[in-house]
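The following exercises are to be worked with the sequence and the coordinates at hand. Each task is followed by a solution in steps.

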Amino acid sequence: MKKIKFPTAQTILFIIAGLVAVLTWIIPSGKFDSLAYNKNENIFTKTSLGANTTFVATQNTLDSLNIKIPLEKFTSGDIWKPISIPNTYHKVEAKPQGLVAFIQSPIKGIIEAADIIFLVLFIGGLIGIMNYTGAFDAGISWLAETLKGKEFILIILVTVLIAIGGTTFGLAEETIAFYPILIPIFLAAKYDAMVALACIYLGSSIGTMCSTTNPFSAIIASDAAGINWTTGLTGRLIMLVLGTLICIIYTIRYAQRVKNDPSKSVIFNQKKAIEAMFGNTTHSTVKLSSRLRLILFVFTMCFVVMIYGVSQLEWWFLEMTVVFLVGAVIIGFLAKIDEYTFIDLFVKGASDLLGVALIIGIARGITVLMDDGQISDTLLYYASNTTNGMNKGLFINAMLYIYGGLSFFIPSSSGMAVLTMPIMSPLADGVGIGRELIVNAYQYGMGLFAFINPTGLILASLAIVKVGYDKWLKFVMPLVIILLIFTMTMLTISVYL
C-alpha cells in the first residue's frame with residue numbers, strides 16, 4: 001500500500017484558505033467603528049457603516065468615544081493605524097467568499113505581499129552570486145575548523161543574537177535571508193538542518209514573543225492600550241531571558257543527540273538531499289583569500305546596514321531590498337563576474353526562493369479572505385465576551401489562548417494590536433489588573449502560536465530547506481508545551497503580585 005505523504009506547504013495553505021472561505025458563510029459579518037488620526041489637519045475621522053465623521057483631535061473627543069488613550073499617542077505618531085472603537089460592534093451585510101474569491105485569494109495575497117516577496121527574491125539573487133564566488137565554502141571551512149569541539153557556541157550565539165533582534169525591533173521576515181547562509185555552517189558542524197532552523201526561527205519567535213522595544217508589538221500595543229510602553233517591561237525582560245534559555249537548552253540537547261547519532265535526526269531520511277542542496281559541508285578546497293574575506297565583509301555589511309536601517313532609520317522592505325541589490329552588484333564587481341554571468345546567477349538564485357515567495361503570498365491571501373468576508377471583528381467581539389465573570393488567574397490565561405487563536409486569522413502583530421487593544425485592554429479594569437498584563441498576554445499568545453502557526457512565517461522558512469511541516473511539529477511540540485506551561489505560570493503569578 002502506497003504511503004500517504006504529508007501535504008506540501010502550499011497545499012496546507014490552500015486547505016486553510018478553503019476553510020476560511022467556508023467560515024465566511026457561517027460566521028456573521030460584523031464591524032467595529034474605527035478611528036483614524038490625520039496629522040496634517042489635526043482631526044480624527046470616525047468610520048461607521050461606511051460613513052465618515054470628522055472631529056477635532058482633542059482628549060475630550062477620545063473620552064467621548066470611550067477610548068482611554070492619551071491624545072499624544074496619536075499626535076506623536078505612535079499610533080499610525082486606525083483603531084477599533086469599544087462598544088461599537090454591529091452586524092453588517094454578509095459577504096460570504098465563494099469559489100471565485102477563493103481562487104483569486106492567492107493572487108490578491110501575492111500582490112499585497114509584493115514588497116516582502118521581492119525582498120526574498122533579491123536575497124536569493126545575492127545568495128546565487130555569493131555561491132559562485134566560493135566565499136561561502138571558504139568561510140564555512142574556516143569557521144568549522146575554528147569552532148571544532150565547541151560547536152554548541154554557534155547555537156548559543158545565533159539564537160541569542162536573533163532573539164535580541166526580535167525583541168528590539170521585530171526581526172522576523174528578515175530572517176528568511178539567514179537560512180541559506182547559516183544552514184551550511186551548521187551542517188559543517190555535524191548538526192542537521194533542523195538545528196539551524198531552530199536557532200533562527202526559535203530565536204526570532206522567542207524574541208518577538210517577549211518584545212521589549214519592538215515598535216510593531218510592545219510599543220504600538222501599549223499605546224493602543226493607553227499605557228506607557230515601559231509599563232510591564234520588567235516582566236517581559238524576565239520572560240525573554242528565561243524563554244531564550246529554555247529554547248537554547250532544548251536545541252542544544254537535540255543537537256548533541258544528532259551529533260552523537262545522526263539517525264536520531266527527525267529529518268534523517270533527508271540528510272543526503274539536504275547536504276547536496278547546500279553543497280560541501282566538510283572541507284572546502286578554496287582558501288580564504290583576502291579577496292574572499294572582503295567579499296564576506298561586504299555580504300555581512302548588507303545585514304548590518306539592513307538591521308541599522310530598520311531599527312534606526314524607519315526603513316522597510318523597499319530600502320532592505322535595495323541594500324541586497326547593491327550588495328550583489330558590489331560583490332559581483334569584487335569577484336570580477338562578467339555582466340552576462342552575473343545576470344544569469346542572480347536570476348537562478350532568485351528562482352531558488354520563488355517557492356518561498358509564493359508561500360508568503362498564499363498565506364497573505366488567507367488574510368484577504370478574512371478581510372473581504374468581514375469576520376475578523378466578529379471573532380474579536382465574541383472573544384472579548386467570553387471572559388465575563390472570570391477571576392484574575394483564569395481571565396489572564398483565557399486572554400493568552402484567545403490571542404493565540406486570533407493570531408491564526410490575524411498573524412500581523414501591529415494589525416492585531418490596533419484591532420484588539422482598544423477592545424481588550426479595558427477588560428483588565430473590570431477584573432482589577434493592570435492593562436500591561438493584557439499587552440503581555442497579547443504578545444505571549446501570538447508569540448507561542450507563532451512557533452507552529454501555518455499562516456505565519458514557519459511554512460516559508462521550512463520551504464527553504466524543503467522540510468515538511470509534520471517534521472517541524474514533531475521537533476518543536478515538546479518545546480511549545482514546555483513554554484506554554486512556563487508562560488501560564490508566569491502570567492498567573494503576575495496578576496496576584
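**Exercise 1.** How many of the 20 residues of helix 5 are buried?

*Solution.* The model is a predicted one. Begin with the extent of the element: helix 5 covers residues 114-133. Its 20 residues reach 29 Å from the first C-alpha to the last, close to the 28 Å expected at 1.5 Å a residue. Next, consider burial: 14 of the 20 residues are buried, so helix 5 is largely enclosed by the rest of the structure. Finally, inspect the end of the element: just after helix 5, Gly-134 adopts a positive phi of about 85°.

**Exercise 2.** Determine the geometry of the ring pair Phe-122 and Phe-346, and state which parts of the chain the pair links.

*Solution.* The structure holds 15 aromatic pairs. For Phe-122 and Phe-346, the ring centres lie 5.6 Å apart and the planes stand at 80°. Because an angle over 60 degrees counts as edge-to-face, the pair falls in that class. The pair joins distant parts of the chain, with Phe-122 in helix 5 and Phe-346 in helix 15 (residues 339-352), 224 residues apart. The accessibility of each partner can then be assigned. Phe-122 has a relative accessible area of 21% and is therefore partly exposed, whereas Phe-346, at 13%, is buried. The cut-off that separates these two classes is 20%.

**Exercise 3.** Which residues are in contact with Leu-325, leaving aside its neighbours within four places in sequence?

*Solution.* First locate the residue: Leu-325 belongs to helix 14 (residues 317-334). Its relative accessibility is 34%, so Leu-325 counts as partly exposed. With the neighbours within four places in sequence left aside, Leu-325 is in contact with Phe-122 and Phe-346. The C-alpha atoms of Leu-325 and Phe-122 are separated by 6.4 Å, although the two residues are 203 residues apart along the chain.

**Exercise 4.** In what order do the 4 strands of the open sheet lie, and which strands are at its edges?

*Solution.* The order is 4-3-2-5, with antiparallel pairing. The edges are formed by strand 4 and strand 5 (83-84), each of which pairs on one side only.

- Strand 3 and strand 4 form a hairpin with 2 residues between them, and Leu-49 in the turn has a positive phi of about 55°.
- Strand 4 (residues 51-56) is hardly covered, the count of buried residues among its 6 residues being 0.

**Exercise 5.** Is Asn-453 buried or exposed, and which side chain does a polar contact of 2.8 Å join to that of Asn-453?

*Solution.* Asn-453 lies in the loop between helix 20 (436-450) and helix 21 (458-465). With a relative accessible area of 4%, Asn-453 is buried. The polar contact of 2.8 Å joins its side chain to that of Thr-455. Beyond the neighbours within four places in sequence, Asn-453 is in contact with Ser-407, Phe-408, Pro-411 and Ile-458.

Notes: Residues numbered from 1 in each chain as written. Predicted model: local features only at pLDDT ≥ 70, side-chain atom pairs only at ≥ 80, totals over all residues. Heavy atoms only, no water. Buried < 20%, exposed > 50% of the residue type's maximum accessible area, 1.4 Å probe, protein only. Contact = heavy atoms within 4.5 Å. Phe/Tyr/Trp six-rings, centres within 6.5 Å; stacked < 30°, edge-to-face > 60°. Pairing = 2+ DSSP bridges. Expected span 1.5 Å × (residues − 1). Polar contact = N/O pair within 3.5 Å; in protein donor to acceptor, adjacent residues only side chain to side chain.
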